[in-house]
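Have the model open as you read.

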Amino acid sequence: MFTIRCSSDPPEAELAATPAGFTRLAEVIAGFAAGVTTETSFAVDPSDPATYERCLSGLRVERASGPLSVSVVGRTLVISGSSRALELLARNLPREPDLPPGYHVHIEAAGRESWVSPESVPLVLMVAVALDASQRAVPKKPE
C-alpha cells in the first residue's frame with residue numbers, strides 16, 4: 001500500500017502512497033482513533049531508499065495522550081498521539097485523486113505546535129506513482 005524511507009541526519013521520514021492508498025490509510029486511522037484499540041500496525045512495501053539512508057519495513061500507529069509524535073524505532077515508523085491528533089493526521093493525508101506524483105505535505109512541529117510534538121521527526125507525505133499488482137512503485141507511462 002505504501003513505502004517508508006528515512007534518514008537520521010537531518011532526521012526525516014517519508015511515507016509514500018497513491019492518493020487511493022492515502023485514502024485507505026486515512027479511513028483506518030480515523031476508525032482506529034475513534035475505536036477502543038490502542039495500537040494498529042501496517043506492512044510496508046519494499047522500495048529503493050534513493051535520496052534517504054534506508055527503507056523501513058513497518059508502520060505502527062498508537063493512540064496515546066498528547067500531540068502527534070513521529071519516531072523511528074528499529075525498522076518501524078511509529079506515529080502516536082491523542083485521538084484528536086490522529087484524526088487531524090487522517091484529514092491531512094493527500095487523498096485527492098487528481099494529485100500528481102511528487103505532490104507532498106510536510107507534517108512537523110514548526111507552525112503546528114498545537115498538535116505536533118516538538119520532538120517529532122519531520123514527516124513528508126509523498127504522492128507516489130501508480131502501483132502495479134504486486135504493489136511496488138512503477139514508472140508512470142506517458143499518455
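Ala50 is exposed, with a relative accessible area of 52%; the cut-off for calling a residue exposed is over 50%. Keep in mind that this is a predicted model. Ala50 is found in the loop between S3 and strand S4 (54-56). Its backbone is worth a look too: Ala50 has a positive phi of about 45 degrees, although it is not a glycine.

The other loop to check holds Pro10, between strand S1 (2-8) and strand S2 (11-17). Here the peptide bond running from Asp9 to Pro10 is cis, and its omega is near 0 degrees.

## The five-stranded sheet

What is the strand order in the open sheet of five strands? Reading across, you get S4-S1-S2-S9-S8, with mixed pairing. S4 and strand S8 (104-107) sit at the edges with a single partner strand each, so one side of each has no neighbour in the sheet. On average, neighbouring strands here are turned by 25 degrees against each other, direction ignored.

Inside this sheet, S2 pairs with strand S9 (residues 123-127) in the parallel sense, over five bridges. Leu15 has Leu125 in S9 as its bridge partner. On the other hand, S8 and S9 run antiparallel and are joined by four bridges, and His106 stands opposite Val124 in S9.

## The four-stranded sheet

There is also an open sheet of four strands, ordered S3-S5-S7-S6, again with mixed pairing. Its edge strands are S3 (39-43) and S6 (69-73), each of which pairs on one side only. Neighbouring strands in this sheet are turned against each other by 20 degrees on average, direction ignored.

Strand S5 (residues 58-63) and strand S7 (residues 76-81) pair in the parallel sense over six bridges. If you want a landmark there, Leu59 stands opposite Leu77 in S7.

## Where the helices go

Which strands does helix H1 lie across? Helix H1 (residues 19-34) lies across S3 and S5, and runs at about 30 degrees to S5. H1 also lies across S1, S2 and S9, where it runs at about 105 degrees to S2.

## Helix against helix

H1 and H2 also pack on each other, at an angle of about 165 degrees and with their axes 9 Å apart. Angles over 145 degrees count as roughly antiparallel, and the two helices are therefore roughly antiparallel to each other. The crossing of H1 and H2 is left-handed.

Who meets whom at this contact? From H1 come Ala26, Ile29, Ala30, Phe32 and Ala33, and they meet Ser83, Leu86, Glu87, Leu89 and Ala90 in H2. By type, the residues of this contact divide into eight nonpolar, one polar and one charged.

Methods: Residues are numbered from 1 along each chain as its sequence is written. This is a predicted model: local features need pLDDT of at least 70, side-chain atom pairs count only at pLDDT 80 or more; totals for chains, interfaces and linings use all residues. Side-chain values use heavy atoms; hydrogens and water are left out. Two strands pair if DSSP finds at least two bridges between them. Axes are lines fitted to C-alpha atoms, for helices over the stretch in contact, and angles run from 0 to 180 degrees between N-to-C directions. Contact means heavy atoms within 4.5 Å. Angles under 35 degrees count as roughly parallel, over 145 as roughly antiparallel, 65 to 115 as roughly perpendicular and the rest as oblique. A crossing is left-handed if the near helix is turned anticlockwise from the far one by less than a right angle, and right-handed if clockwise. Ala, Val, Leu, Ile, Met, Phe, Trp, Tyr, Cys and Pro count as nonpolar, Asp, Glu, Lys and Arg as charged, and the others, Gly among them, as polar. Buried means under 20% relative accessible area, exposed over 50%, partly exposed in between (1.4 Å probe, protein chains only).
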